[in-house]
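These are my notebook entries on one structure, written while I looked through it for the first time. I set down what I looked up, in the order in which I looked.

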Amino acid sequence: MAEEGKPDAQLFQLLSNLLQQVEALTNQEEVELRSKIEALGLEVTKVPSKSSQQLNELEIACELDKLSAKLDDVDEMISSTMAADPQVQSLLSDTADVWLPVITATSEERSKFTASPGDSSKTEVENTK
């Protein structure tokens, strides 16, 4: 993708373009899917607030368990969809350079994705060629 920008912006531009293609091919508006993509976009770009309260080990473990369960659900959805449709597998493989950096980003990398447009720091999009 030659588009300059942050990995998360590239991912959601790709998803938006794919959704538009699906809608054009089916002549149906995919309201639910569009809503899910928008919700995912908000979740991915969310920067955790600095909590004045320290979490104890049990609370951290509980939060990690919740996140792990969400990832397991996503993994199951992706795996079953890929198994059912070879085109999905091909599409995910062909676009991994766009979505993989977003979903594997550390919190520090994610904060760089969501830096304000006037911020002079640049993300390292070019390194994933």
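**Entry 1: a pair within one helix**

I began with Lys-66 and Glu-63, which lie three residues apart in helix α3 (residues 57-84) and are therefore separated by about one helical turn. Helices here (H or I, at least four residues) and strands (E, at least two) are DSSP runs, numbered from the N terminus. Lys-66 forms a salt bridge with Glu-63, and I noted 3.5 Å between the closest N and O atoms; a salt bridge is a side-chain nitrogen of Lys or Arg within 4 Å of a carboxyl oxygen of Asp or Glu. I then looked up accessibility, where buried means under 20% relative accessible area, exposed over 50% and partly exposed in between (1.4 Å probe, protein chains only). Lys-66 is partly exposed at 46%, and Glu-63 is partly exposed at 39%.

**Entry 2: what I am looking at**

I note that this is a predicted model, in which local features need pLDDT of at least 70 and side-chain atom pairs count only at pLDDT 80 or more, while totals for chains, interfaces and linings use all residues. Residues are numbered from 1 along each chain as its sequence is written, and side-chain values use heavy atoms, with hydrogens and water left out.

Of the 129 residues in the protein, 15% are buried. Taking contact to mean heavy atoms within 4.5 Å, I found that residues 24 or more positions apart account for 60% of the contacts with a separation of 6 or more.

**Entry 3: the other salt bridges**

How many salt bridges does a search of the whole structure find? The search finds three. Side chains of opposite charge can pair when their charged atoms come close.

One of them joins Glu-23 and Arg-34, whose closest N and O atoms are 2.7 Å apart. Glu-23 lies in helix α1 and Arg-34 in helix α2, so this pair ties together parts that are 11 residues apart in sequence. I checked both partners: Glu-23 is buried, with a relative accessible area of 15%, whereas Arg-34 is partly exposed at 25%.

Another salt bridge is formed by the side chains of Glu-32 and Lys-36, at 3.3 Å from N to O. Both residues lie in helix α2, four residues apart, which is about one turn of the helix. Here Glu-32 counts as exposed at 56%, and Lys-36 is exposed as well, at 51%.

**Entry 4: how α1 meets α2**

I looked up the packing of α1 and α2 and found their axes 11 Å apart, at an angle of about 180 degrees. Axes are lines fitted to C-alpha atoms, for helices over the stretch in contact, and angles run from 0 to 180 degrees between N-to-C directions. That makes α1 roughly antiparallel to α2, since angles under 35 degrees count as roughly parallel, over 145 as roughly antiparallel, 65 to 115 as roughly perpendicular and the rest as oblique. On the α1 side the contact includes Phe-12, Leu-15 and Leu-19, and on the α2 side it includes Ile-37, Leu-40 and Val-44. By class, this contact has seven nonpolar, two polar and three charged residues. Ala, Val, Leu, Ile, Met, Phe, Trp, Tyr, Cys and Pro count as nonpolar, Asp, Glu, Lys and Arg as charged, and the others, Gly among them, as polar.

Ile-37 is in contact with Phe-12, Leu-15 and Leu-19, leaving aside its neighbours within four places in sequence. Leu-40, also found in helix α2, is partly exposed at 42%.

**Entry 5: the nonpolar core**

Which residues make up the largest nonpolar core? I found eight in all: Leu-11, Phe-12, Leu-14, Leu-19, Ile-37, Val-44, Val-98 and Val-102. A nonpolar core is a set of buried Ala, Val, Leu, Ile, Met, Phe, Trp, Tyr and Cys residues joined through side-chain atoms within 4.5 Å. The helices α1 (7-26), α2 (31-45) and α5 (96-103) each supply at least two residues of this core, and α1 gives the largest share, four residues.

**Entry 6: α3 against α4**

Last, I looked up α3 and helix α4 (residues 86-94), whose axes come within 5 Å and cross at roughly 120 degrees. The two helices are therefore oblique to each other. Their contact is made by Ile-78, Thr-81, Met-82 and Ala-84 of α3 and by Pro-86, Val-88, Gln-89 and Leu-92 of α4. These residues divide into six nonpolar, two polar and no charged.
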